[in-house]
Amino acid sequence: MTEEVVFLDDGFVPLASATVSIFDRGFLFADGVYEVAAVLDGELVDLDAHLLRLERSAKEIALGLPMSRDAFGATLRELVTRTGTTEGMVYLQVTRGATPARDFAFPAPSANVRPTVVAFAQTFPIVRSAKGTKGVAIVTVPEVRWKRRDIKSVALLGQVLARQAAVEKGAAEAFFVDEDDTITEGAASNAYIVKDGVLVTRPLGWDILHGTTRARVLEIARARGMCVDERAFTRDELAAADEVFYTGAAAFVVPAVAVDGHVIGDGAPGPITRALREAYIHAVRGPRSELR
Ligand SMILES: Cc1ncc(COP(=O)(O)O)c(C=O)c1O
């Protein structure tokens with residue numbers, strides 16, 4: 001078992017020999033899209049949803065994917081097997097490839113530039129992570145990103161700076177606050193509050209990533225008879241919430257127990273958040289969970 005095997009372009013290679021051109025448009029312009037899918041019990045979680053979103057992101061930036069959905073799926077499954085990953089994530093990135101000249105405009109079709117495909121796996125605990133079970137502190141930061149946040153683009157500088165601001169304040173995640181004082185989403189997550197038993201999260205649109213975990217969690221919440229209100233909520237509502245949490249493929253459901261230094265509820269993960277986290281884990285394990 002080794003994480004030293006990665007996928008590059010059309011095959012598996014040792015990490016040490018996986019190199020990409022300095023003219024790759026992903027490197028020069030962040031001209032590419034990506035996906036992160038969880039691995040749980042050695043299986044990919046919600047693979048189809050991730051590959052569908054990859055196709056949508058690629059379409060939105062007019063990037064022709066060089067592999068079919070089935071081929072991507074088979075590659076990621078083989079990556080999990082080859083690396084022996086049982087819990088953690090796979091990362092898949094496709095860029096518009098390497099062009100000889102640095103030019104913002106797309107390479108001409110006649111240039112036959114092939115998109116660059118990279119995939120690797122990483123191992124870390126998700127189900128028993130301290131963040132997921134004990135909860136985390138979060139901070140709010142101004143929304144400074146571009147307007148097409150529904151595209152899972154590798155241009156992540158806004159997220160990088162937000163997460164760094166969180167870490168410098170001893171927090172695990174940052175929620176972006178838009179100009180109208182509403183929360184958009186987290187640096188690498190979708191954001192939620194619970195108030196008087198109602199689960200509130202921003203509706204889908206250009207201003208947030210259409211989270212795969214979000215889709216599952218809302219489905220679970222509705223199936224349990226919870227009242228779900230898909231609307232934008234303000235920073236004041238965040239501070240006054242009974243529970244706060246965020247979701248992401250590589251973290252599942254994570255309780256936030258303090259926001260900008262202000263304690264949420266009694267400072268421990270709330271009952272609705274804990275129930276949703278447990279139900280999500282059960283749902284993604286599927287029938288296999290009955291065996292443990
Ligand atoms: C900005 C942003 N929003 C939301 C999410 C959550 O999406 P998903 O649940 O599909 O991981 C992510 C995941 O990385 C993200 O980067």
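Q: Which members of the largest nonpolar core touch the most other members?
A: This is a predicted model. Of the 68 residues in that core, Ala38, Leu76, Val90, Ala119, Ile138, Val244 and Ala256 touch the most other members. Strand 14, residues 252–259, gives the most to this core, with six residues.

Q: Why is this core said to lie between domain 1 and domain 2?
A: Domain 1 (5–123) and domain 2 (130–288) both give residues to the core, so the core lies between them.

Q: What makes a residue a contact of Val244, leaving aside its neighbours within four places in sequence?
A: The two C-beta atoms must lie within 7 Å. Tyr192, Ile193, Leu238, Ala256, Val259 and Ile264 are in contact with Val244 in this way.

Q: How do you know whether the radius of gyration of the protein chain agrees with a compact globule?
A: Set the two values side by side. A compact globule of 292 residues would have a radius of gyration near 19 Å, and the protein chain has 20 Å, so the value agrees.

Q: What share of the protein chain is buried?
A: To count, a residue needs 20 or more other C-beta atoms within 10 Å of its own. Buried residues make up 39% of the 292 residues.

Q: Which residues are closest to the ligand?
A: The shell has 13 residues, and the closest are Leu209, Gly211, Thr212, Thr213 and Ala249. Helix 6 (212–223) and strand 13 (243–248) each give two or more residues to the shell. Helix 6 gives the most, with three.

Q: What classes of residue make up the shell around the ligand?
A: Four are nonpolar, seven polar and two charged.

Definitions and conventions:
Residues numbered from 1 in each chain as written. Predicted model: local features only at pLDDT ≥ 70, side-chain atom pairs only at ≥ 80, totals over all residues. Near = placed C-beta within 6 Å. Helix = DSSP H or I, 4+ residues; strand = E, 2+ residues; numbered from the N terminus. Nonpolar A, V, L, I, M, F, W, Y, C, P; charged D, E, K, R; others polar. Rg over C-alpha atoms; globule rule 2.2 N^0.38 Å. Buried ≥ 20, exposed ≤ 12 C-beta atoms within 10 Å, placed from the backbone. Core = buried A, V, L, I, M, F, W, Y, C linked by C-beta atoms within 7 Å. Domains from an automatic or database assignment.
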